[in-house]
Amino acid sequence: MSEDVWLAERPRLLSLAYRILGSWHDAEDVVSQVWLRSADRTDVANAPAWLTTVTTRLAIDQGRRLKALREEYIGPWLPEPVATELLPEESAVQRESLHLGLLRLMEELSPEDRAVVVLREAFDVPYAEIADCVGKSLQACRQVVSRAKQRLPRVTHAPERDERLMAALVTALAAGDMAAAVELLSEGCVLWTDSGGATKAARRPVIGADKVARFLIGVSAAVPGSSADPVNVNGAPAFRLKWPGGTRIVVLEHDGENISGMQIHSNPHKLEFAL
């Protein structure tokens with residue numbers, strides 16, 4: 001396979017593997033393996049299809065290994081955030097499937113089912129090709145996507161709403177205003193902190209508007225001298241908290257009105273591509 005073909009396809013393959021694995025580091029490893037397998041192939045009639053199949057199968061295998069490893073992970077495991085400028089150019093519809101809220105929910109799927117959903121919903125691959133790629137029947141692939149659509153919300157980008165909520169939350173936390181913070185959160189708001197034991201963080205999700213607000217204000221008070229800067233990860237607004245001793249990427253999930261979920265990424269090993 002020519003290097004020109006490979007270079008043209010590599011961004012798409014990285015994006016595919018990342019969606020299946022939730023880790024850019026592991027996606028890069030998978031795509032490197034694909035390159036090694038493709039470098040001396042001269043008998044491939046349809047290079048994009050062949051590369052998609054090999055990438056998907058290797059990502060599924062890696063996903064199985066990661067499932068076992070993540071059971072031993074300290075605290076919640078969240079998808080690895082990636083700065084938007086590092087991601088390949090994609091349509092607005094495709095970008096929706098990169099939202100960290102959706103990738104978090106997709107962790108509940110098996111690697112095989114996740115690959116089916118990604119191929120169909122993010123890349124619009126025909127079901128017949130998906131079935132051949134993952135080794136399932138066509139009907140089984142349709143059922144996987146149908147069940148996933150019932151469980152996974154459709155994420156629509158609302159950057160202005162994200163930015164307003166983030167600005168209001170940062171202001172409330174800086175002022176230590178518990179009432180203002182609670183007002184921004186939905187009643188069942190959930191906060192996840194991903195540190196892998198590398199930094200101090202909650203080992204379990206914090207659930208409920210009052211508890212989430214109290215947790216955030218407590219953390220803000222405990223680390224004076226912090227600053228919050230807007231960033232963009234996975235195609236959506238987020239903010240970066242910086243203070244002596246650490247950096248966090250904070251991602252909001254909202255229901256259109258209030259903050260329904262919050263991801264705090266503080267494992268430095270998983271922030272390389274976000275900072």
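Tutor: Let us begin with a charge and a ring: Arg70 lies over the face of Trp77, at 3.5 Å from the ring centre. A charge is said to sit over a ring if NZ of Lys or CZ of Arg is within 6 Å of the ring centre and within 35 degrees of the ring normal. The ring of Trp192 likewise has the charged end of Arg104 over it, 3.9 Å from the centre.

Before going further, please note that this is a predicted model, in which local features need pLDDT of at least 70 and side-chain atom pairs count only at pLDDT 80 or more, while totals for chains, interfaces and linings use all residues. Residues are numbered from 1 along each chain as its sequence is written, and side-chain values use heavy atoms, with hydrogens and water left out.

Searching the whole structure gives 2 aromatic pairs. Rings of Phe, Tyr and Trp (its six-membered ring) pair if their centres lie within 6.5 Å; planes under 30 degrees apart count as stacked, over 60 as edge-to-face, and the rest as tilted. Because Trp6 belongs to helix H1 (residues 3-21) and Trp35 to helix H2 (residues 24-38), the pair ties together parts that are 29 residues apart in sequence. Helices (H or I, at least four residues) and strands (E, at least two) are DSSP runs, numbered from the N terminus. Trp6 is buried, at 6% relative accessibility, whereas Trp35, at 28%, is partly exposed. Here buried means under 20% relative accessible area, exposed over 50%, and partly exposed in between (1.4 Å probe, protein chains only).

The rings of Tyr18 and Trp24 also pair: their centres are 5.4 Å apart and their planes lie at 65 degrees, so the pair is edge-to-face. Tyr18 is buried at 0% relative accessibility, and Trp24 is buried at 4%.

Finally, the backbone deserves attention. Most residues other than glycine have a negative phi. Asp124, although not a glycine, has a positive phi of about 55 degrees. Asp124 occupies the loop between helix H6 (111-122) and helix H7 (127-134), and is exposed, with a relative accessible area of 56%. Asn234 has a positive phi too, near 55 degrees. Asn234 is placed in the loop between strand E3 (227-233) and strand E4 (236-243); with a relative accessible area of 1%, Asn234 is buried.
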